[in-house]
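This briefing covers one protein chain, from its overall fold down to two individual residues. Please keep the sequence and the 3D view open while reading.

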Amino acid sequence: MSQKILVIEDDQDIRQLFDLELRAVGFDVAFARDAVSALGIVRKEMPDLIVLDIGLPGGDGFLVMERLNAFDALERIPVIVVSARTAPDAHARALALGAEAFFDKPFDADEVIGQIQRTLAQPV
């Protein structure tokens, strides 16, 4: 059974890029386009890892991370942030909320995929 990645991203081009790249290396992929629907989709899909944008409609990625951390069943899902919010405080806040890594947009897809693979290979 392949591992499932949930990509929470409002930009259609970036969603399509992740869809192609993640499926090419054998992952199942699900998507959320905004912060409002993200938690419902997380609960439904129970992904092995989340790729999260910070700048989302309906609330930001920080809010999504805070809500994930509020639920025992969801707080263990690793999160990798890929965002255009490059301010140092955005990096620090994401890491403080439990993000495994933070990639600035524009990003190298191979680097992000490598980080996803390394994160999922870590013992729980």
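The model is predicted. The chain holds 6 helices and 5 strands, and the strands form an open sheet with parallel pairing.

**Overall chain**
- Starting at the N terminus, the order of elements is β-α-β-α-β-α-α-β-α-β-α.
- Along the principal axes, the C-alpha trace extends over about 35 × 30 × 25 Å.
- Buried residues make up 44% of the 124 in the chain.
- The accessible surface is about 6400 Å², and carbon and sulfur atoms account for 50% of that area.
- When contacts between residues at least 6 apart in sequence are considered, 63% of them link residues at least 24 apart.

**The sheet**
- The 5 strands are arranged in the order β2-β1-β3-β4-β5.
- β2 and β5 (101–104) are the edge strands; each has a single partner strand, so one side of each has no neighbour in the sheet.
- From one strand to the next, the twist averages 20°.
- β4 (residues 79–83) and β5 run parallel and are joined by 4 bridges.
- V82 has F103 in β5 as its bridge partner.
- In general, the strands of a sheet pair through backbone hydrogen bonds, in either a parallel or an antiparallel way.

**T119**
- T119 lies in helix α6, which covers residues 109–121.
- The relative accessible area of T119 is 5%, and because buried means under 20%, T119 counts as buried.
- The T119 side chain comes to 2.8 Å from the backbone oxygen of Q115.
- Leaving out residues up to four places away in sequence, T119 is in contact with L49, P78, I80 and E100.

**V25**
- V25 sits in the loop that connects α1 (12–24) with β2 (28–32).
- With a relative accessible area of 41%, V25 is partly exposed, because this class lies between the 20% and 50% limits.
- Leaving out residues up to four places away in sequence, V25 touches I113 and Q117.
- V25 and Q117 are 92 residues apart along the chain, and their C-alpha atoms are 9.5 Å apart.

Conventions. Residues numbered from 1 in each chain as written. Predicted model: local features only at pLDDT ≥ 70, side-chain atom pairs only at ≥ 80, totals over all residues. Heavy atoms only, no water. Helix = DSSP H or I, 4+ residues; strand = E, 2+ residues; numbered from the N terminus. Buried < 20%, exposed > 50% of the residue type's maximum accessible area, 1.4 Å probe, protein only. Polar contact = N/O pair within 3.5 Å; in protein donor to acceptor, adjacent residues only side chain to side chain. Contact = heavy atoms within 4.5 Å. Pairing = 2+ DSSP bridges. Axes fitted to C-alpha atoms, helices over the stretch in contact; angles between N-to-C directions. Areas by Shrake-Rupley, 256 points an atom, 1.4 Å probe, with all protein chains shown as cover.
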